[in-house]
Amino acid sequence: MSNEGSSSSASPVPVVSNFIADEIEADLRAGRYSRPVCTRFPPEPNGFMHIGHAKAATVGYGLAQRFDGLFNLRLDDTNPTKEEQRFAEAMASDLEWLLDSSLGGRVYYASDYFEYLYECAKQLIEKDLAYVEELDPEQIREYRGDFHRPGRPSPWRARPPAESMRLFVEMREGKHRPGSLVLRAKIDPASPNMNMRDPILYRIIDQPHHRAGDWHIYPLYDYAHPLSDAYEAVTHSTCGKEFANHRPLYDWFLEKLELVEPPRQLEFAEIAISRTILSKRHLKALVDEGHVVGWDDPRMPTIRGLRRRGFPAKAIRDFCEALGVSSASPGMVDWVMLEHFVRENLNKTAPRVMGVPRPLKVVIENLAEGESLEFEAENMAGDPSFGTRTVRLSREIYIDHSDFMKDPPPKYYRLAPGRAVRLRAAHIIDCTGVVEDPATGEVIELRATYDPLSKTPGKARKVKGTIQWVEAKSAVPVELRNYDALFGPEVDEFDGSRPITDFLSPTSLEVLKDALVEPAMVGAEPGTVVQFERVGYFCVDPDSTPERLVLNRTVTLRDNKFRSIFR
RNA sequence: UCGGGGAUCGUUCAAUGGUAGGACAGCAGAUUCUGAUUCUGCUUAUCAAGGUUCGAAUCCUUGUCCCCGAACCA
């Protein structure tokens with residue numbers, strides 16, 4: 001019954017068509033590169049991969065596929081105070097799951113280039129293109145000016161290269177305190193582009209690196225990134241539009257170090273998703289403060305969370321593809337679009353099974369105690385390859401509370417006093433009585449009769465409604481975890497000025513402990529996604545045991561038409 | 001208003017001087033042993049004003065609005 005690997009069928013090479021593909025195409029025609037196209041996805045390993053990373057990853061990967069090129073995962077671990085090895089390893093495995101493809105060993109770390117980066121910095125010093133700065137951080141900021149005032153040259157800007165070289169080597173050796181010295185590029189203190197006002201290349205951090213070992217100086221992004229790209233033979237370095245202002249600096253390093261066939265930085269619009277927080281800092285807070293069970297909590301927008309909740313990798317990829325790649329300003333895309341692709345994928349892959357979230361007992365009066373009828377139910381209507389399962393109808397069954405109304409509105413097709421519905425895969429029943437709790441007036445049991453002819457082709461009468469049900473005797477109790485949005489609708493206004501917990505949705509998790517499912521679910525492996533007909537998709541949680549089934553609701557089925565009858 | 005980027009259905013992405021189109025959402029209808037799926041049809045957009053042109057979302061001018069940038073973060 002497991003369908004965990006259902007998305008692992010070889011997917012055809014995606015046809016990527018966007019303005020970045022056009023740029024690459026033009027570079028290829030111009031013969032700009034004598035090496036194959038190579039793209040990369042460069043996350044900082046300071047948390048788990050989330051849905052916000054997915055677009056950047058799939059764009060880079062899709063481009064590489066499109067041009068029959070190479071794709072690298074590069075863990076951008078240049079700041080040992082924020083990064084951890086466990087995050088790096090999780091990112092590699094999450095990325096392989098998302099891409100449904102092995103990275104073929106092309107997993108690299110910026111920290112592996114530290115020695116190379118260090119040598120390049122020494123070259124810049126020799127060329128009098130970098131100098132060791134002695135101003136403290138506040139002074140540097142003061143000298144840098146602002147949007148309206150040009151910066152002033154630092155008094156240390158004219159330091160002879162030999163002296164900078166000596167100090168830089170000492171920095172590496174740990175002979176200076178953090179904050180006391182810094183290596184800066186000598187570009188233009190008065191540039192209108194703030195990034196060009198003698199950017200800092202190296203700072204002192206007295207902390208060993210979790211991979212690279214005993215270092216005292218660490219390169220900054222702006223310096224490490226272009227050189228890492230070049231070192232890996234990347235040709236096209238895609239990134240978010242927020243880095244567009246950094247492009248001149250990216251090019252400056254490659255030019256001054258005289259690297260041949262330098263990579264090109266190409267920016268595209270990243271996108272935000274409604275009702276979703278993608279800041280790793282805030283996601284980390286939710287984990288650390290215990291608002292969720294972990295990074296893989298099914299409510300989390302992390303890849304692991306979505307996976308545990310049953311989102312297929314293909315659905316996430318389809319979603320990213322549908323977003324497209326543009327140079328327009330980043331926008332906000334609706335979470336329901338992601339859900340659409342989840343439904344679209346699962347509709348074709350998730351076996352059908354019946355389950356009742358809120359059981360309501362029905363006694364079938366014309367079926368004697370001990371008597372029962374058996375039916376073969378299709379696991380996927382119209383697709384015999386999914387097989388069938390046997391469902392049994394006997395005197396006591398359960399239907400869902402939502403499928404009965406004492407006073408139904410017009411066009412309500414489900415069960416009501418005196419009305420008939422079909423039990424999915426079985427007979428039509430007529431509701432003959434309602435048993436209420438005398439104290440509360442709540443409906444606690446229904447009486448019904450089944451129509452023996454209603455399973456005979458040609459003789460069966462037509463009824464409008466078909467509902468799911470389970471036999472009382474064989475029904476299996478299950479813990480259903482119903483997930484709504486982790487955050488309330490007002491979270492789109494979240495700007496960090498108030499605690500993230502203010503935006504948590506109070507109803508994000510509803511646990512239904514008395515839900516019942518068909519015995520067919522027993523033994524389903526964690527990760528299996530099924531569709532409860534007429535309800536939604538559910539994924540077997542890793543916490544699930546053969547004794548106690550635990551299912552996470554993936555997404556509900558669309559029910560606009562049903563809802564509309566109540567309007 | 002220092003620099004950079006951008007503005008097309010409610011949202012998102014196309015159209016690169018020649019019929020403004022797709023996807024999501026929405027609305028109607030058909031089919032249906034899932035009110036699902038599937039199918040059919042429909043509504044809705046070029047920021048504004050000028051200009052060039054037989055013809056402008058596209059080119060030019062002016063204006064308006066939005067996003068990014070002043071970490072020893074990435």
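**Starting from one histidine**

Mentor: Let's begin with H176, which sits in the loop between α6 (161–172) and β5 (182–185). Helices (H or I, at least four residues) and strands (E, at least two) are DSSP runs, numbered from the N terminus. This is a predicted model: local features need pLDDT of at least 70, side-chain atom pairs count only at pLDDT 80 or more, and totals for chains, interfaces and linings use all residues. Residues are numbered from 1 along each chain as its sequence is written, while chains are lettered from A and ligands numbered from 1 in the order in which they are written.

Trainee: Does H176 count as buried or exposed?

Mentor: A residue is buried if 20 or more other C-beta atoms lie within 10 Å of its own, exposed if 12 or fewer, and partly exposed in between, with C-beta atoms placed from the backbone. H176 counts as buried because it has 20 C-beta neighbours inside 10 Å.

Trainee: Which residues does H176 touch?

Mentor: Contact means that two C-beta atoms, placed from the backbone, lie within 7 Å. Leaving out residues up to four places away in sequence, H176 touches E170, M171, L181 and I204.

Trainee: And how do I read strand pairing?

Mentor: Two strands pair if DSSP finds at least two bridges between them. Here β14 (residues 359–364) and β20 (residues 443–451) run parallel, with four bridges; V362 has L446 in β20 as its bridge partner.

Trainee: In what order do the seven strands of the open sheet come?

Mentor: The order is β21-β18-β19-β20-β14-β17-β22, with mixed pairing. At the edges, β21 (466–467) and β22 (469–471) each pair on one side only.
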